[in-house]
Amino acid sequence: PTRPEGAPMVTLTTNIGLDDDATGLQTSSVGEPSVAASTSTVFMTGNWYASRSSDRGATWGVIDPFTEFPTDRGRFCCDQLVIYLPRQRLWAWLLQYEQQGTSNIFRLAVSRTGASGSWRWWDIAPTDLNPSWTDAWFDYPDMAVSQGHLWVSFNQYDSNDTWRRAGIVRWPLAELASARPVTRRHWVTTSLGSLRLVQGAGTSMWFAGNIAASRSLHLFQWPDASDAVTKWQVKVGPWNDTDYTSSTPGGGQWLSRLDDRITGGWRAGGQLGFLWSAGRATGRPHPYVRAVTISEQTLKVTAEPDLWSQNGAWAYPAAAANKAGTVGLTAFYGGPDHPAHAVGVLDATSNTWATKLTATSTHSPLQGKWGDYVVCRAHPSRRTSWIASGYTLQGGQDRRNIEPRYVVFRR
């Protein structure tokens with residue numbers, strides 16, 4: 001991918017691949033890396049590792065999610081997310097646990113330092129939210145913060161792997177930062193799943209899901225000061241949610257599990273934005289990133305700045321605004337080459353993306369599986385920078401050849 005004429009440059013200021021010692025070889029080709037940073041500490045998670053650096057990524061130490069916490073409510077596996085709360089000076093780590101019978105838990109852990117042995121935590125099972133949800137388990141979480149709360153979205157399935165509902169749980173930040181019992185609230189819907197929270201929320205959390213058949217974005221607002229959730233249906237341009245074919249060298253595939261769930265959301269400058277992966281369509285010879293921005297005041301679509309290429313596929317995007325209000329992106333690019341990780345910046349004037357590759361894989365995944373998500377966040381102290389997670393395959397096709405990446409970039 002090349003920089004559009006007139007678009008802002010993208011500069012990589014940190015671009016670190018985590019080695020085997022940093023991950024304990026607990027990596028998967030469905031990598032799902034998450035990253036957060038304070039002034040000098042970086043915490044990174046993925047399938048099925050966690051790693052911490054206290055020197056801005058120069059050195060890393062494994063914190064094993066299988067052994068860091070007790071197995072009193074099941075065994076860890078697999079989704080994880082991490083975020084840093086600067087006002088509370090608190091790390092928050094969400095871990096998804098295996099099914100035990102017909103259920104499982106999310107474990108939300110917090111720490112002042114992020115170091116091993118420093119965490120305290122709260123567990124939730126589906127029956128903790130509703131006693132009638134006895135045949136239900138959590139999957140596919142997202143995590144974000146507003147001024148007053150930490151928020152987690154989820155899908156919920158029964159023991160036959162049939163989708164049942166999606167929902168949101170919120171915890172007051174002030175209570176997470178103290179030793180007091182946490183007063184959580186939750187909300188669910190059975191109309192659509194895979195809800196995505198925005199990064200950069202203010203006094204309300206915004207989140208959305210999409211439906212290709214009706215060419216619609218279903219937008220929700222849940223204020224910090226209220227228990228009521230408001231919904232709008234926003235019409236957007238069409239997209240294909242079926243054809244995600246993308247061949248790599250030797251005829252391999254890397255997007256065999258890709259779908260059109262929203263994977264990126266942000267709020268900045270009076271705008272809400274959402275990103276998802278779309279299949280091949282007329283004039284778009286490869287899968288690409290579908291993008292929609294919406295006015296926070298009028299709830300009307302203001303732009304649809306898709307990221308696409310005549311030469312290869314874009315997939316699994318995430319985004320956030322930096323402290324200056326500019327939107328940055330992390331995503332994967334590949335086909336006909338091996339999968340690569342890239343970051344980018346949205347030029348709000350031209351509605352185009354400037355992108356830069358951070359690393360390119362030497363191989364493609366054995367079973368054609370990649371994904372399901374990465375994260376992008378505002379840099380904790382640099383006004384025009386972002387932090388992002390990604391990964392590539394280096395030196396082979398096995399899951400142990402996955403190399404997670406911690407990236408800091410600026411415009």
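The lining of the largest cavity is made up of 10 nonpolar, 4 polar and 3 charged residues (Ala, Val, Leu, Ile, Met, Phe, Trp, Tyr, Cys and Pro count as nonpolar, Asp, Glu, Lys and Arg as charged, and the others, Gly among them, as polar). The model is a predicted one, in which local features need pLDDT of at least 70 and side-chain atom pairs count only at pLDDT 80 or more, while totals for chains, interfaces and linings use all residues. Residues are numbered from 1 along each chain as its sequence is written, and side-chain values use heavy atoms, with hydrogens and water left out.

Rolling a probe the size of a water molecule over the atoms shows where empty space is left. On a 1 Å grid over the protein atoms alone, a cavity is a set of points where a 1.4 Å probe fits but cannot get out, and a pocket is an open set with protein on both sides within 12 Å along at least five of seven lines; lining residues have an atom within 4 Å of a point. Grid points are joined across faces, edges and corners, and a volume is the space filled by probe spheres set on the points. Across the whole structure, 2 cavities of 30 Å³ or more were found. The largest has a volume of about 130 Å³, and among its 17 lining residues D142, R196, Q199, V374 and V375 lie nearest its centre. At least two lining residues come from each of strand 10 (137-145), strand 14 (196-197), strand 20 (262-268), strand 24 (313-321) and strand 28 (strands, E, at least two residues, and helices, H or I, at least four, are DSSP runs numbered from the N terminus). The second largest cavity, of about 50 Å³, has a lining that includes Y140, R257, D259, R261 and D372; by class, this lining holds 3 nonpolar, 2 polar and 4 charged residues.

Turning to the open spaces, the largest pocket has a volume of about 740 Å³. Its lining comprises 28 residues, with P86, V145, G200, K323 and A378 closest to the centre. Strand 6 contributes the most to this lining, with 3 residues.

Strand 28 pairs with strand 29 (residues 385-393) over 3 bridges, and C376 stands opposite A388.

Side chains of opposite charge can pair when their charged atoms come close. The structure holds 18 salt bridges (a side-chain nitrogen of Lys or Arg within 4 Å of a carboxyl oxygen of Asp or Glu). In one of them, D128 meets R73 with the closest N and O atoms 3.3 Å apart. D128 belongs to helix 2 (residues 126-129) and R73 to the loop between strand 5 (61-62) and strand 6, so this pair ties together parts 55 residues apart in sequence. D128 counts as partly exposed at 34% relative accessibility (buried means under 20% relative accessible area, exposed over 50%, partly exposed in between, with a 1.4 Å probe and protein chains only). R284 and D306 form another salt bridge (3.1 Å, N to O). D306 counts as buried, at 16% relative accessibility. Finally, salt bridges with shared partners join R257, D259, R261 and D372 into one network.

Definitions and conventions: Pairing = 2+ DSSP bridges.
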